[in-house]
Amino acid sequence: MGSLWTLPLVSLPLCFFFFLQRDSIGACPGETFPTVDPRTEEVLADVAKADVEDINRAVKAARKAFDHGPWPRMTAYERSKILLKYADLLEKHNDELATLDSLDSGKLYSQSQGVEIPHFVTRLFRYYAGWADKIHGKTLPADGPHQVLTFHEPIGVVGQIIPWNFPMVMFAWKVAPALACGNTIVLKTAEQTPLSACLAAKLAVEAGLPPGVLNVVSGFGETAGAAISSHMDIDKVAFTGSTETGKLVMQAAARSNLKPVTLELGGKSPFIIMPDADIDQAVELSHFALFFNQGQCCCAGSRTFVHESIYDEYIEKAKARALKRVVGDPFKSGVEQGPQVDKAQFEKILSYIDVGRHEGANLVTGGTRIGNKGYYIQPTIFSDVKDDMAISRDEIFGPVQAVTKFRTVQEAIERANNTTYGLAAGVFTKDIDTANTFSRALRVGSVWINCYDVFDAAIPFGGYKMSGQGREKGEYVLHNYTQVKAVVTPLRNPAWL
Amino acid sequence: MKSSILNSLSMGSLWTLPLVSETFPTVDPRTEEVLADVAKADVEDINRAVKAARKAFDHGPWPRMTAYERSKILLKYADLLEKHNDELATLDSLDSGKLYSQSQGVEIPHFVTRLFRYYAGWADKIHGKTLPADGPHQVLTFHEPIGVVGQIIPWNFPMVMFAWKVAPALACGNTIVLKTAEQTPLSACLAAKLAVEAGLPPGVLNVVSGFGETAGAAISSHMDIDKVAFTGSTETGKLVMQAAARSNLKPVTLELGGKSPFIIMPDADIDQAVELSHFALFFNQGQCCCAGSRTFVHESIYDEYIEKAKARALKRVVGDPFKSGVEQGPQVDKAQFEKILSYIDVGRHEGANLVTGGARIGNKGYYIQPTIFSDVKDDMAISRDEIFGPVQAVTKFRTVQEAIERANNSPYGLAAGVFTKDIDTANTFSRALRVGSVWINCYDVFDAAIPFGGYKMSGQGREKGEYVLHNYTQVKAVVTPLKNPAWL
């Protein structure tokens, strides 16, 4: 196991276990599935594949830990200390976790090692360690002589299903607040990126998380994910992934035991550039907004709206910027874009590029694969994109920017809002009134003005419309992982009401 | 007064849906005769209502006026509801069979009018936040209206359920399409008329009457409704949530069924316990989602309890809800009436002991005798299923731990009553019972500030208080970089 962390290039297939209980880590179970290195298309490791029975066992462990174990029965301070210890261990193993995420997903090592693990994983566990003992109920004024108080109790056994585009960050966004609220967890990683959570689960045990509190499984959506969504003994499910799968998760939750759901789904987020913008900064920021993480962000700024007065200059500069983008091995320094995560995504993106051509959008640059090994795609830009084109409506999840021109603020607002999605938007302007107009009018969960992808711990993130329900991060996420109980007692001779 | 209200309503039902082809009857449960014919909303009517609500939200004055302006309209509305207190109460009692003294003296003033004043007060206090970033960024959140809200309400508390839904949704700046229950469509027609009089702009509140399978389903699955709130049965709640998911993934809040335990400890004053547990079950003809329908009595006081509960049930005056001195009216309709009687049969066959009651009263109107089963076992259907009628199921227990386990052993989790004077016992129960409302030495306390809602399959989300605002707003974060911040 140790040899994996020091070698960036893995040559031996390895077997990973479920980390269900501290004292019952089994030998390699019957079925496994391969996880592939997207740089080489070769198998990195074989991973234990959770089926329905494994989910049942994980839920049993989580239920026992919640109903009878020490976790909900220790003080919040005790829980926060364990979370702080966990953060320290994540920090200590920063580079190993980053290596696993970059091997598995193709994301830049500089990004995972220098940004994601320290600022969006470790930091997040420290942030929620700080919330653990600040989960306040209320006392409330009644309309008669009654004492009224509310508890914000843990909700119980929480099912969590995370995606492959930010494996450890998504792990942290889900696990940290759920644990801070006193719950126990059954978490399924994405089948494309199962590795880092195996290490993270091991570290949780080392941090002192009691047995059964955090159960990490690797597996597929149609089996393990569906088993979680429809489980009769899971009290709540949180899902991040595609909108189509989100619909299935919510239906399964309803059909089984009506468990509440929170969903973080897809997007087709507009990035709007006003004529008062510094054009070079706008080009750079809109480039980042789309191409970051190989275009594989739910909130990618994938519809670039450029004011007509700067459109031609924008296209020229955006093209130059895209041509300069260094695509290659995510472990090499100086590289800006790695491979797409797997074959299915790779083929889907290339087919959307074809669609864009056929729909009559203008291919400015890019449009094909790079090389013949690894899922590398050229940074691609389409201009003169019409709102009814598929490349303007559908989430492509790849390095394909779609640029269109607009004339007035009102037009930009209407066209930006004309989508079933509502996850995020970027607005590039110096004008205070323009900024205020856009920030109120855009029907999205995050409006980034003169910036993009700002994911600090306190900032809530989530979708309007079909981009999702509920908010992650900040104080807002606590709502998802607690349930409210009112306790009412009559008062005799109250000194006050 | 009754006939003049109905006459004005038969016109009134037309302004919510000016083109009506179909109607359906609503029946007086005292007489089983038709009270009125009401406009029946179908899918096309829902589409038109949603169009109106969407136009009002996207382009109308309601979200664009200040919160203070909205609160003034809500206060005016409360004044009108107060002025028409007795008419609204009459309609609810005619339609549902609930006691007129209850609707006129308690429900309309304290849980309808009061609630609109409460939410008028919240309208201008919906606060977002400024937040500390981990770098030089200014971060703020808006708690915006969510948009067009679909609301589906039940028949057991028509005007109260209308208020619990409409008041907070409006206070948050939304527009509404609300469907009443087909059993009790009348009072909301008057309430909708009063909303217009209060100055609510056109299209902000759209009230339709109709059936679940058509109008309700159309709301749950509408692609242009942004959120749906439903109160009703657990089975229908599942359908609502699935339809919401399958269509446009609209968020849902659900207030569903229950089988709430009422636990009586031996230190209780037995006469008070008998009276309170009697009220907890029999109130509103047993037709409460949170009815205390499983009475757990400590074995040391069990026999005395049964004797006194029986005497109390025999004393319960059943009759015309408009007559003074009556404590229990008819069940709401034939379907409920037959379901309850069939559960009484089931209870007999399962081997529970029928202490009192068990039969229909008279041969006209849906009146059922106050009924008590004792020696009820946890696996009996009358202990597990929601009966929604005047059928109390009593069982004995020995220890606090046993009571907790048996009380929690249910897919429901709506409410619980605990009767004890001991502070430690009260604290043990209040933490251990997996329910949304724990009433200690009281029951059915529904003051405006107190959140109400279910754990487990009793629902999701909370109504009332500040908590409900979460259901009717959505959170937007706005982030801007700071150059030269004086502080972070």
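In the predicted model, 25 residues of domain 1 of chain B are in contact (heavy atoms within 4.5 Å) with 30 residues of domain 2 of chain B. Domain 1 of chain B spans 23-256 + 458-476, and domain 2 spans 261-440; such bounds come from an automatic or database domain assignment. The C-alpha centres of these two domains of chain B lie 30 Å apart. As this is a predicted model, local features need pLDDT of at least 70 and side-chain atom pairs count only at pLDDT 80 or more, whereas totals for chains, interfaces and linings use all residues. Residues are numbered from 1 along each chain as its sequence is written, chains are lettered from A and ligands numbered from 1 in the order in which they are written, and side-chain values use heavy atoms, with hydrogens and water left out.

The size of an interface is often given as the accessible area lost when the parts come together. Buried area is here the accessible area (1.4 Å probe) that two parts lose on being put together, summed over both. Between domain 1 and domain 2 of chain B it is about 2,200 Å², of which carbon and sulfur atoms give 57%. On the domain 1 side of chain B, Arg30(B), Trp155(B) and Ser458(B) lose the most area to domain 2, together 28% of what that side buries.

Three salt bridges are found across this domain interface of chain B, a salt bridge being a side-chain nitrogen of Lys or Arg within 4 Å of a carboxyl oxygen of Asp or Glu. Arg30(B) also takes part in a salt bridge, with Asp320(B), at an N to O distance of 3.2 Å. Eleven residue pairs, both at pLDDT 80 or more, are in polar contact between the two domains of chain B. A polar contact is a pair of N or O atoms within 3.5 Å; within protein, one must be able to donate a hydrogen and the other to accept it, and residues adjacent in sequence count only if both atoms are side-chain atoms. Helix 4 (85-96) and helix 5 (100-122) of chain B are the elements that give two or more residues to the domain 1 side; helices (H or I, at least four residues) and strands (E, at least two) are DSSP runs, numbered from the N terminus. Helix 4 of chain B provides the largest share of that side, five residues. By class, the domain 1 side of chain B divides into seven nonpolar, eleven polar and seven charged residues. Ala, Val, Leu, Ile, Met, Phe, Trp, Tyr, Cys and Pro count as nonpolar, Asp, Glu, Lys and Arg as charged, and the others, Gly among them, as polar.

Chain A is divided into domain 1 (2-265 + 463-484) and domain 2 (270-449). Their C-alpha centres lie 31 Å apart, and the contact takes 30 residues from domain 1 of chain A and 34 residues from domain 2 of chain A. About 2,600 Å² is buried between these domains of chain A, 59% of it on carbon and sulfur atoms. Three salt bridges cross the interface of the two domains of chain A. The side chains of Glu41(A) and Arg369(A) meet in a salt bridge (2.9 Å, N to O). The domain interface of chain A also has 15 residue pairs in polar contact, both residues being at pLDDT 80 or more. On the domain 1 side of chain A, helix 4 (94-105) and helix 5 (109-131) each supply at least two residues, and the largest share, five residues, comes from helix 4. That side of chain A divides into ten nonpolar, twelve polar and eight charged residues.

Between the chains, the contact takes 67 residues from chain B and 67 residues from chain A. The two chains bury about 5,400 Å² between them, 56% of it on carbon and sulfur atoms. In chain B, Leu249(B), Tyr455(B) and Tyr467(B) lose the most area to chain A, together 13% of what that side buries. Six salt bridges are found across the interface of the chains. Asp134(B) forms a salt bridge with Arg123(A), the closest N and O atoms being 2.6 Å apart. A further count gives 43 residue pairs in polar contact between chain B and chain A, both at pLDDT 80 or more. Elements of chain B that each supply at least two residues to its side include helix 2 (43-58), helix 9 (234-247) and strand 18 (473-481). Helix 9 of chain B gives the most, with nine residues.
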